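Trainee: Please take me through one part of this model in detail. I would like a close look at the surroundings of the ligand.

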Amino acid sequence: MARILFASSEAHPLIKTGGLADVSGSLPPVLQALGDDVRLVLPAYRAVLQRLPVLPVVAEFALPGVTAPVRILETVLPQTRLPVWLVDAPAFFDRDGNPYLGPDGRDWPDNAARFTLFARAIVELAQDRAGLGWRPDVVHCNDWQTGLVPALLAQEESRPDTVFTIHNMAYQGLFPYATFTALGLPGTLWHWQAMEFHNQFNFLKGGLAFADWITTVSPTYAQEIRSAEFAYGLEGVLNHRAERLHGILNGIDYSAWDPAHDPLIPHHYSPARLAGKKKNKAALQQQFALPVEPDVPLLGLVGRMVEQKGIDLVLAVLPELLLQGVQVAVVGTGAASYEQAFRDLADHHPDQVGAFIGYDERYAHLVEAGADIFLMPSRFEPCGLNQIYSLRYGTVPVVRRTGGLADTVVHADAATLANGSATGFVFDAADSGALLTAINQALGLYREPAAWRQVMLTGMQHDFSWEQSARQYQALYQRRRTDTLHSVAPRP
Ligand code: ADP
Ligand code: GLC
């Protein structure tokens with residue numbers, strides 16, 4: 001058993017912008033069930049405080065850069081027994097908007113200060129200086145918002161081991177030198193082997209350079225990020241630390257994402273009782289004001305509308321697909337140009353395109369349950385959860401062969417259809433021609449009900465639950481940083 005302090009900037013169901021929240025809300029409870037003593041630490045955002053009763057203050061301390069004392073509030077993650085510590089610093093976190101963006105959709109101008117404060121509070125908890133009488137063996141950090149934690153802990157005489165999980169290399173937390181100096185951080189961190197990166201301050205690099213172990217969320221992405229195409233300049237540090245880098249595939253939380261008992265969908269179904277899926281299709285068509293046509297193929301898409309997700313590729317192939325008579329249901333939010341393009345398509349083709357531009361969990365679940373085919377043509381995808389949800393919901397995914405998409409979907413070709421391993425359609429080139437070919441392959445198979453049903457069932461029966469991945473994290477927690485390896489964390 002290990003004591004784990006799990007640090008994240010979001011966790012479902014308290015606060016979510018994407019897959020990081022799904023992971024932070026589901027991996028820690030599984031680790032706990034497997035015997036670890038886990039505490040989750042999150043910022044006390046306004047949205048989090050609003051959904052909870054008044055919480056007890058369990059610690060209070062001063063930190064640089066903030067005049068009022070920082071308080072630690074204690075609660076449990078809803079529907080679990082997982083203890084949660086909230087870092088309450090109202091000047092930084094008690095605001096409208098999401099964890100990273102203001103209501104105007106732009107990054108909060110003080111994000112560096114906000115996540116420096118969060119990191120400093122995590123260090124106080126990790127070093128048991130907050131008076132809570134609990135000292136972790138391992139601090140498990142996630143993404144750039146916690147990248148400073150391994151760097152700051154490395155300055156301490158004695159400290160817990162650190163694990164840093166990369167959920168996305170594209171978000172690094174880059175700030176100018178003036179911000180670095182204003183934060184009053186140790187000067188040694190401004191060094192090319194520390195957090196300096198082409199004359200900017202790079203939060204993610206703190207995690208990569210100083211964590212005892214680095215993980216990312218699929219084996220394929222762990223390989224990809226050793227190249228410039230996927231690491232945006234940080235491939236050098238990752239190659240330098242390659243022996244400490246592991247790819248551990250995300251699991252999924254079947255208590256939230258299983259059509260047999262999903263409370264957010266109107267009709268439950270399972271491999272043995274597939275009829276409910278057809279009813280969800282009708283419900284989705286109704287909800288999105290599409291004609292209720294059981295046999296018209298319905299393509300679904302849920303996700304952040306950003307370049308990563310290949311939204312432009314989908315927009316490029318839709319005119320051709322609409323000519324073929326398909327229906328499309330889209331739920332997402334992101335770049336204004338993509339949002340507008342989907343609104344325009346829905347306006348021009350109301351009988352074929354339904355688009356909800358915004359964030360809505362119920363719609364996300366309904367698309368997974370009601371669509372026939374799920375589109376996820378990402379340019380890169382560290383893991384991707386939606387395609388794994390699609391597999392469980394019998395919604396055959398069409399994905400690009402990258403990152404976790406490559407690790408979770410088995411392309412349907414003659415061989416995999418014959419041996420019963422096919423679960424979806426996988427294409428290689430990041431262009432609209434390749435995507436269109438893959439969608440047409442899917443539409444072709446859709447017209448062969450027996451073969452289609454087999455592909456659906458294979459995906460639905462595949463087990464992507466957390467337990468196996470959680471055990472891989474546990475194995476890592478058991479390794480000490482002093483375990484012999486060729487490379488060691490650079491200490492400036
Ligand atoms: P990423 O983390 O890169 O956004 P993932 O596939 O790992 O991609 O996870 C995305 C998660 O966010 C899924 O749980 C998905 O259902 C959810 N999600 C994304 N966009 C929306 C939206 N507009 N409304 C509701 N849920 C969304
Ligand atoms: C990131 C990635 C996504 C991954 C998620 C959870 O947001 O973009 O691929 O599934 O984190 O690890």
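**The ligand shell**

Mentor: Four elements each give at least two residues to the shell around ligand 1: helix H1 (19-33), strand S13 (298-305), strand S14 (327-334) and helix H15 (386-392). Helices (H or I, at least four residues) and strands (E, at least two) are DSSP runs, numbered from the N terminus. This is a predicted model, in which local features need pLDDT of at least 70, side-chain atom pairs count only at pLDDT 80 or more, and totals for chains, interfaces and linings use all residues. Residues are numbered from 1 along each chain as its sequence is written, chains are lettered from A and ligands numbered from 1 in the order in which they are written, and side-chain values use heavy atoms, without hydrogens and water.

Domain 1 (3-251 + 468-477) and domain 2 (275-463) each contribute at least three shell residues. Those bounds come from an automatic or database domain assignment.

The shell divides into seven nonpolar, eight polar and six charged residues. Here Ala, Val, Leu, Ile, Met, Phe, Trp, Tyr, Cys and Pro count as nonpolar, Asp, Glu, Lys and Arg as charged, and the others, Gly among them, as polar.

Of the 21 residues around ligand 1, with "near" meaning a heavy atom within 4 Å, Lys16, Gly19, Asp22, Arg304 and Lys309 come nearest.

Now the polar contacts (pairs of N or O atoms within 3.5 Å). A side-chain N or O atom of Arg304 lies 2.6 Å from a ligand 1 oxygen. For the side chain of Lys16, the distance to an oxygen of ligand 1 is 2.8 Å. Asn386 uses a polar backbone atom, 3.2 Å from a ligand 1 oxygen. The protein covers 94% of the 570 Å² of accessible area that ligand 1 has on its own (Shrake-Rupley method, 1.4 Å probe).

Definitions and conventions. Polar contact = N/O pair within 3.5 Å; in protein donor to acceptor, adjacent residues only side chain to side chain.
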